[in-house]
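I am new to it and would like to know what to look at, and in what order.

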Amino acid sequence: QVQLVESGGGLVQAGGSLRVSCAASGRAGSRAMGWFRQAPGKEREFVAAISWTAMRTYYADSVTGRFTISRDNAKNTVYLQMNSLKPEDTAVYYCAAGPLNNWPPSTYTYWGQGTQVTVSS
């Protein structure tokens, strides 16, 4: 089992920055991690993913160049640094863990409860 807890969400003005974190516990090692988001009335969408070694990352086109995913395996924590935020980035952001030793993740097995990010215009 893997437990994921997101934090760091909040309200920010357009053009601002925010960093959300995901603390993992349990059998979190050797797993790729991802961030997803879901805006009101919309489907959940992929944002970014990072491999266990942090050597490989990929992003949704909508956030490329603005968001950066990173991880600190010593702290079992994954981060999403969000810069140049836009109102359309407003959503609940979810952290997810992939299967062991699987890249790119074929699926995401464990999910956090989400953290709200609101970008005002």
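Cys 95 is buried, with a relative accessible area of 0%; here buried means under 20% relative accessible area, exposed over 50%, and partly exposed in between, using a 1.4 Å probe and protein chains only. Its partner in a disulfide is Cys 22, and the two sulfur atoms lie 2.1 Å apart, where a disulfide is a pair of cysteine sulfur atoms within 2.5 Å. The two cysteines connect distant parts of the chain: Cys 22 belongs to strand 3 (residues 18-26) and Cys 95 to strand 9 (residues 91-100), 73 residues apart. Strands (E, at least two residues) are DSSP runs, numbered from the N terminus. Cys 22 also counts as buried, at 1% relative accessibility. The torsion about the S-S bond of Cys 22 and Cys 95 is about -75 degrees, so the disulfide is left-handed. A search of the whole structure turns up 1 disulfide.

A word on the model itself: it is predicted, so local features need pLDDT of at least 70 and side-chain atom pairs count only at pLDDT 80 or more, while totals for chains, interfaces and linings use all residues. Residues are numbered from 1 along each chain as its sequence is written, and side-chain values use heavy atoms, leaving out hydrogens and water.

Follow strand 7 to strand 8 (residues 77-82) and you find antiparallel pairing over 6 bridges. There, Thr 68 stands opposite Gln 81 in strand 8.

Now look for the aromatic rings. Phe 36, Phe 46, Tyr 58, Trp 103, Tyr 108 and Trp 111 are linked into a cluster by ring pairs; rings of Phe, Tyr and Trp (its six-membered ring) pair if their centres lie within 6.5 Å. Trp 111 has a further neighbour: the charged end of Arg 44 sits over its ring, 3.8 Å from the centre. For that, CZ of Arg or NZ of Lys must be within 6 Å of the ring centre and within 35 degrees of the ring normal.

Finally, visit Gly 114, in the loop between strand 10 (110-111) and strand 11 (115-120). Gly 114 is buried, with a relative accessible area of 15%. Leaving aside residues up to four places away in sequence, Gly 114 touches Glu 6, Val 92, Tyr 93 and Tyr 94, contact meaning heavy atoms within 4.5 Å.

Key:
Helix = DSSP H or I, 4+ residues; strand = E, 2+ residues; numbered from the N terminus. Phe/Tyr/Trp six-rings, centres within 6.5 Å; stacked < 30°, edge-to-face > 60°. Pairing = 2+ DSSP bridges.
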